[in-house]
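Grab a pencil and work through these exercises with the structure open beside you. Try each task before you read its solution.

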Amino acid sequence: MSKIKVMDQNLANKIAAGEVVEKCASVVKELVENSIDAGSTDIKIELISSGVKSIKVTDNGIGMDKEDALLCFTPHATSKILTEDDLFNLSTLGFRGEALPSIASVSIVSLKTSDSKEGIKYELEGGKLVSKEKSDLRRGTIIEVKDLFYNTPARLKYLSSLQSELSNITNVINKQALSHTNIRFTLINDNKVLLKTDGSGNLLKVINDIYGVKVSKKMLKISCENDDYSVFGYISLPEVNKSNRNHLITIVNNRVVKNQEINKVINDAYHKYKPDNKYPIVVLKIDVDPSLIDVNIHPSKQDIKFSNFNDLKDMLFKEITKILDNNFLGIDISTKSVNVNNIVSNFNTDTVFDNNEYKELVMDFSTSESIVKEEESSYEYQDTDLTEEKKEVNTSFPDIYPIGSVLGTYIVCHNDKGMYLIDQHAAEERVNYEKYKKEMANPNKDIINMLFPINLEYTKDEFLIILNNIEFIRSLGIDIEEFGHNSFIIKAHPTWFKEGLEEEFIKNILEKIITMNNNFDLERFNDSISAMMACKASIKANTQISLEEMENIISKLKLCKNPYNCAHGRPTIIHYSTYELEKLFKRVM
Ligand code: ZN
Ligand code: ZN
């Protein structure tokens with residue numbers, strides 16, 4: 001019996017509207033999704049010239065009989081969607097079927113397939129059958145699409161550079177591999193293997209295959225569920241930061257979807273640990289009853305709507321926050337096996353963070369990266385469950401004694417466990433950050449009149465936003481009034497504002513209110529204002545301080561809820577154990 005049916009015209013048109021063969025990546029996506037739907041456990045994708053010359057997909061799926069094999073090149077044939085309702089069911093991969101005839105019409109296709117009873121080989125040029133013969137293939141399908149757009153040269157120009165075609169294809173295959181960890185994927189371009197997964201069903205292994213060992217060692221497991229949703233996946237330490245959101249990957253019922261709201265939850269949960277313009281790597285697999293989700297039927301959008309989304313959102317936010325907090329609190333700051341060459345060379349390499357704060361620092365600082373890099377062999381994140389005891393931060397902060405500083409930036413400390421370096425700016429920033437956050441959360445009435453009131457002028461739209469929020473600003477202890485055309489006068493501020501920085505603090509607060517405008521969120525506001533003020537108020541790098549001042553910073557740092565990171569997630573302290581020092585000097589081997 002034929003597994004492929006010709007779907008009704010109405011539905012076909014709906015789909016066709018969004019389905020066009022544009023790029024090599026969409027051809028690859030179509031072919032690979034067909035292989036997945038055919039129940040394959042091993043899929044090999046071989047490209048020549050990033051797929052522009054040839055895309056060949058070999059699978060070990062159920063294959064097709066000779067009727068189906070021909071029917072699949074007939075417009076509007078599909079084995080996956082029979083009715084409109086099926087469009088909403090995520091247990092099939094989606095909306096395809098239409099794409100194969102489109103692909104065939106603009107390329108030279110050769111198809112070998114066998115349902116293990118009979119093997120057949122077809123060749124098509126521009127969608128027309130040119131040859132048909134028996135094939136010796138045992139089971140599965142080999143399809144090769146050559147010379148894409150050979151007969152429509154005008155469309156060739158829509159192809160991007162080979163490099164960018166290849167990166168799009170890689171992206172497609174990476175996502176398929178993450179969604180289907182039990183399928184073995186091999187991606188080859190011009191005889192070079194770009195990705196190979198083992199199909200063992202281990203998501204962390206696939207992450208490792210895609211991102212490499214440095215990243216996979218920095219992934220933390222997430223696993224949680226509520227009545228409707230079950231979530232499993234891995235989230236990176238904040239220090240693994242990417243400059244775009246492409247690595248926030250949400251997979252719902254084995255299908256990669258795009259959902260801005262989930263991305264926002266992830267970003268919010270990370271925000272205190274990373275700069276705003278950097279993003280972690282997050283792979284979340286969400287399992288849900290298909291009746292609770294609504295898929296946007298426009299195939300290119302892959303968007304999805306969840307029922308009871310607030311519950312899912314709260315669960316994700318809490319879980320990610322918990323994992324990150326626990327990790328930071330319990331982080332083993334020891335450097336394990338540091339090698340001298342690395343320490344030296346890393347002083348000049350780019351940092352993992354590139355927020356403005358770094359502009360204040362004279363020296364580049366990449367220790368946090370180099371240390372985790374060196375820890376790979378001994379540092380096992382992924383399967384360590386974060387136990388309760390790790391929350392006991394303050395007691396775990398070592399008793400350490402400063403003996404001086406290097407480069408006017410790093411306080412050198414010691415105790416019987418070795419040597420410690422403290423970034424004086426990061427440490428004081430953490431202290432101030434926690435202090436300011438408390439003040440921001442419970443503004444008290446202690447305000448002080450300014451000797452010289454300040455007058456601030458804005459554009460009309462900014463003026464209106466501030467006016468809109470004027471009661472809130474007053475609640476912070478800032479005495480603000482309208483003062484003529486588009487301007488305000490400020491006469492008093494809270495006593496805890498750092499002397500000399502009052503005007504800057506006020507300006508920054510108003511600025512933040514303007515930029516947040518409609519997206520205002522009190523927690524984020526307090527957080528980012530506290531971080532900003534703490535950064536400005538804290539001792540700069542490249543500043544000589546006395547031993548007494550160093551002791552003062554350390555004793556305050558020790559009292560912090562999280563003494564190990566600055567307000568932006570950078571480390572405050574680095575430990576070189578006695579053993580590591582001995583190793584560096586080759587006293588021990
Ligand atoms: Zn700072
Ligand atoms: Zn900082």
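**Exercise 1: a helix pair**

Helix α6 passes helix α7 in a right-handed crossing (the near helix is turned clockwise from the far one by less than a right angle). Work out how the two helices are oriented and which residues meet.

Before the solution, some ground rules: this is a predicted model, where local features need pLDDT of at least 70, side-chain atom pairs count only at pLDDT 80 or more, and totals for chains, interfaces and linings use all residues. Residues are numbered from 1 along each chain as its sequence is written, chains are lettered from A and ligands numbered from 1 in the order in which they are written, and side-chain values use heavy atoms, leaving out hydrogens and water.

Step 1. α6 (residues 162-179) and α7 (residues 203-211) pack at about 165 degrees, their axes 9 Å apart. Angles run from 0 to 180 degrees between N-to-C directions.

Step 2. α6 and α7 are therefore roughly antiparallel (over 145 degrees).

Step 3. On the α6 side, N174, A177 and L178 meet L203, V206, I207 and I210 of α7; contact means heavy atoms within 4.5 Å.

Step 4. Sort the residues of this contact and you get 6 nonpolar, 1 polar and no charged.

Definitions and conventions: Helices (H or I, at least four residues) and strands (E, at least two) are DSSP runs, numbered from the N terminus. Angles under 35 degrees count as roughly parallel, over 145 as roughly antiparallel, 65 to 115 as roughly perpendicular and the rest as oblique. Ala, Val, Leu, Ile, Met, Phe, Trp, Tyr, Cys and Pro count as nonpolar, Asp, Glu, Lys and Arg as charged, and the others, Gly among them, as polar.
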